[in-house]
Protein chains: 2
Amino acid sequence: MSTPVSAATVAAVGERGLIARIRARLPEAPAWLHAGPGDDAAVAAPERGALEILTTDALVEGVHFDWRFSAPADVGWKALAVNVSDVAAMGGTPRLALLSLALPETLALDSLDGLVDGFLAMAAAARVALAGGNVTRSPGPLVVDVTVTGSAKPRRVLTRGGARCGDAIYVTGAVGAAAAGLGWLRAHADLIAEPRDAGERACVERYRRPEPRARIGALAGRNRAASACMDLSDGLADAVRQIAEASGVGARLDAEALPIPAAAARLFESAGVDPIGAALAGGDDYELLFAVPRRMRGRLTTVARQSRGVPLTRIGEFTRDTGVRLSRGGREEPLPAGFVHF
Amino acid sequence: MSTPVSAATVAAVGERGLIARIRARLPEAPAWLHAGPGDDAAVAAPERGALEILTTDALVEGVHFDWRFSAPADVGWKALAVNVSDVAAMGGTPRLALLSLALPETLALDSLDGLVDGFLAMAAAARVALAGGNVTRSPGPLVVDVTVTGSAKPRRVLTRGGARCGDAIYVTGAVGAAAAGLGWLRAHADLIAEPRDAGERACVERYRRPEPRARIGALAGRNRAASACMDLSDGLADAVRQIAEASGVGARLDAEALPIPAAAARLFESAGVDPIGAALAGGDDYELLFAVPRRMRGRLTTVARQSRGVPLTRIGEFTRDTGVRLSRGGREEPLPAGFVHF
């Protein structure tokens, strides 16, 4: 992947030109969006009888992404995906996004176009309308700051604090794939290479373009299929710890139950890393973690089936004693730490 | 003003610690905010029967502010103020904010505290609740990215495209003060100095801590006291041009009518700059520009009186011919350009 710097840069176009360039790529706005990009602010009709979910998250060049590992379209996709994931983790349905860009003057126009197209591809997949934003110059890294709002019916919101002891811990999809993919990219940073194996390729793709679990999140909220939910942006261990802390309970995870893809486990092992520890600590898996009381388990299974059959794995339970532990080979040990941004 | 770097930096505290530090400074949340900072996303009850206004704007170190000229609290204040101004320019009432920070590791904790306190002082003044946000590391400049949402009743929104020929152009407060203040700061950049004259001090203060016209904006929308509105973030000339273009009309400004403070005019003149041109082109005046049909003029005057008597000056009118001109000493000339970020 080449560094996205070429002759035609964003500095040559100017603020107005850049905004016009982005607007030209937008699909038709939904009817509830009364005013989109182009005025002082966007104007939207809220969803009747719903609560509003709001979240903001940024990708910073050199911190959250590396041009050697991600194409501009991957960065645009991921900047929106991580916010969609946060709305899903609240049981909400995402609706609109604001895109705030701080652009280095040397950024190629082609790269900006790619970034916007990646963003809009994710927006189309999650049915999110780009309602507005901001473009400014950055004397340092590219910063892609995104706000997403969504909706959820009252008493259908999934917070972190609702887990009770005895609730089962379920996770969607697979864990560790993104961390394994990033590991592969780092190991091949100075080579022109793409993984040849389909499993490894899937890990790299998961790192570059996470698939937020928008549908199962919204359905789990709407159908009250969980007592608490959180996404795995900062890793599985972190999510379990956060829900346990917010809910005033403990947790026990079953190491053997973790849905670690075979290719990810192989990549960790060939790097001399314990796959269980790496999968627990690795960030960038935008899966959802659910706390599920016994009476809701059938509902959650139904909801998973309705969400294009997203895999759902029971990996442990929340406990009365407030420690957070990992059960492995019949023995219990403290859960390793998660990913920390600072 | 000293560079805000000291022994205790944000890197020493970590992401969680920084979020806890910010949350500890928050006042009690309003009842309609069901979940604030601390979960995957914020949850708010929308205002019944209202449209939602959404805007995002960022301040970037080295582009929008300079530590030699602004204290951390000024930066925090201004980062929110510029967004409140955008909501006011739509005729809306601001309600909640999201604060996304990209922090250099060397930033002093004291500076972060100051920034947050400045932000919260503006939030209290504008009755805005800080509902959530994000904290990450920046390998480059400090970036303060803010999203504000507000509300307005249907058919009470003030867009840029509603001006008709014959509508008068009104501006709140004064123009040119912020640009004159920034000029003073630049001229004294290497000196430890504060302006001794009250007028000059007011210019510097206006640059550091703009006062968004939240009340008159909201009242003008609610009472349909204008056909179009925009804020002067990028200068008066730019605002007139933008409204004229969006509305398909021309405009003529009366140079002699511009409310340029005497101290600002003196500062421009002593720097060898034409005060009229500087006041037209200078950004950072967060005043509001209104297009006002004849039948609405009484209403706008009433609304200004209800807004703590904010000054309101008629400075020209929108015209049938689509040029944008300045009338000065009986002659007409093209309007100079506004402030451009790239």
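**Reading the packing and pairing of two chains**

Colleague: Which strands does helix α2 (residues 72-89) of chain B lie across?

Modeller: Helix α2 of chain B lies across β8 and β10 (288-292) of chain B, and it runs at about 175 degrees to β8(B). Helices (H or I, at least four residues) and strands (E, at least two) are DSSP runs, numbered from the N terminus. Axes are lines fitted to C-alpha atoms, for helices over the stretch in contact, and angles run from 0 to 180 degrees between N-to-C directions. Before we go on: this is a predicted model, where local features need pLDDT of at least 70, side-chain atom pairs count only at pLDDT 80 or more, and totals for chains, interfaces and linings use all residues. Residues are numbered from 1 along each chain as its sequence is written, while chains are lettered from A and ligands numbered from 1 in the order in which they are written.

Colleague: And which strands does helix α6 (residues 214-222) of chain B lie across?

Modeller: Helix α6 of chain B lies across β7, β8 and β10 of chain B, at about 20 degrees to β10(B).

Colleague: How do I read the sheet itself, and in what order do its strands come?

Modeller: Strands of a sheet pair through backbone hydrogen bonds, either parallel or antiparallel. Here, seven strands of chain B form an open sheet with mixed pairing, in the order β8-β10-β7-β11-β9-β12-β13. Two strands count as paired if DSSP finds at least two bridges between them. At the edges stand β8 (228-231) and β13 (331-334) of chain B, each with a single partner strand, so one side of each has no neighbour in the sheet. On average, neighbouring strands of this sheet are turned by 25 degrees against each other, direction ignored. For one pair inside the sheet, take β7 (residues 168-172) and β11 (residues 312-319) of chain B: they run antiparallel and are joined by five bridges. In that pair, B:A168 stands opposite B:E317 of β11(B).

Colleague: What about helix against helix: at what angle do α5 (residues 198-208) and α8 (residues 262-270) of chain B pack?

Modeller: The angle is about 90 degrees, and the axes of α5(B) and α8(B) are 8 Å apart. That makes α5(B) roughly perpendicular to α8(B), a label for 65 to 115 degrees (under 35 is roughly parallel, over 145 roughly antiparallel, the rest oblique). The contact involves B:G199, B:E200, B:A202 and B:C203 of α5(B), with B:A262, B:A263, B:A264 and B:L267 on the α8(B) side. Contact means that C-beta atoms, placed from the backbone, lie within 7 Å.

Colleague: Now the two chains. How is chain A related to chain B?

Modeller: Two copies of a chain are related by a rotation about an axis and a shift along it. Chain A goes onto chain B by a rotation of 180 degrees with 0.0 Å of shift along the axis (RMSD 0.0 Å). That is the relation of a two-fold axis. A:G140 is the residue of chain A that comes closest to the rotation axis, at 2.4 Å (C-alpha).

How values were computed: Copies are superposed by least squares on the C-alpha atoms of residues with pLDDT of at least 70 in both. Two residues are in contact if their C-beta atoms, placed from the backbone, lie within 7 Å.
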